[in-house]
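Hi everyone, thanks for making time for this. I'd like to walk you through a structure that may be new to you, so please have a look at it first.

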Amino acid sequence: QIIQIWAHAHEKMTEFTIERVGGDHDGELIYFTNDWEHPPYLRLDPPMTFEENEGVKLITTYDNWEDRTISFGPLSTDEMQFMFFIYFNGQGWFLK
């Protein structure tokens, strides 16, 4: 039971989407941001649930305006994509 989702990427990110994969909700857009500095928090009430064999797909678009190869890394001039979420598993709340 997911109650909150948010994203993290760096300065070259132009779009970050999260879609559901599998089941009746396959392809459904869950989350969108085009703001790498201040991505929105998505609060889910009621919580989002998943059945077995269902999941999510992260799709990120970048614009590399520099004359150098950009790769995964911890600096804002590098790139990365992460999805964070808070969920309840019946025993407690967890952050992933």
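Let me begin with the charged side chains: Glu11, Lys12, Glu66 and Arg68 are linked in a network of salt bridges. Before I go on, please keep in mind that what you see is a predicted model.

Let's take that network in pieces. Glu11 makes a salt bridge with Lys12, and their closest N and O atoms lie 3.2 Å apart. Lys12 also meets Glu66 through the side chains, here with 2.9 Å from N to O. Where do Lys12 and Glu66 lie in the chain? Lys12 is in the loop between β1 (2-9) and β2, while Glu66 is in the loop between β5 and β6 (81-88), so this pair ties together parts that are 54 residues apart in sequence.

Now, are these residues buried or exposed? Lys12 has a relative accessibility of 2%, and because the cut-off for buried is under 20%, Lys12 counts as buried. Glu11 is partly exposed, at 24% relative accessible area, and Glu66 is partly exposed too, at 27%.

There is another salt bridge I'd like you to find, between Arg20 and Glu54, with the closest N and O atoms 3.3 Å apart. This pair also links distant parts of the chain: Arg20 belongs to strand β2, Glu54 to the loop between β4 (42-48) and β5, and they are 34 residues apart. Arg20 is buried, with 6% relative accessibility. In total, the model has 5 salt bridges.

Let's step back and look at the whole chain. Of the 96 residues, 29% are buried. The accessible surface is about 6,400 Å², and carbon and sulfur atoms hold 51% of that. As for contacts with a separation of 6 or more, 64% of them join residues 24 or more positions apart.

Next, the sheet. In what order do its strands come? The order is β3-β2-β5, 3 strands in an open sheet with antiparallel pairing. At the edges stand β3 (29-33) and β5 (55-62), each with a single partner strand, so one side of each has no neighbour in the sheet. On average, neighbouring strands here are turned by 15° against each other, ignoring direction. If you zoom in on β2 (residues 13-21) and β3, you will find them paired over 4 bridges in the antiparallel sense. Phe16 stands opposite Thr33 of β3.

Phe16 brings us to the core. The largest nonpolar core has 14 residues, and those with the most contacts inside it are Ile2, Ile5, Phe16, Ile18, Ile30 and Tyr31. At least two residues come from each of β1, β2, β3, β4 and β6, and β1 gives the most, with 5 residues. As background, nonpolar side chains tend to be buried together in soluble globular proteins.

Let me finish with Tyr31. Which residues does Tyr31 contact, apart from its neighbours within four places in sequence? Among them are Ile5, Trp6 and Ala7, then Phe16, Thr17 and Ile18, and also Pro39, Pro40 and Leu42.

Conventions: Residues numbered from 1 in each chain as written. Predicted model: local features only at pLDDT ≥ 70, side-chain atom pairs only at ≥ 80, totals over all residues. Heavy atoms only, no water. Pairing = 2+ DSSP bridges. Axes fitted to C-alpha atoms, helices over the stretch in contact; angles between N-to-C directions. Salt bridge = Lys/Arg side-chain N within 4 Å of Asp/Glu carboxyl O. Buried < 20%, exposed > 50% of the residue type's maximum accessible area, 1.4 Å probe, protein only. Contact = heavy atoms within 4.5 Å. Areas by Shrake-Rupley, 256 points an atom, 1.4 Å probe, with all protein chains shown as cover. Core = buried A, V, L, I, M, F, W, Y, C linked by side-chain atoms within 4.5 Å.
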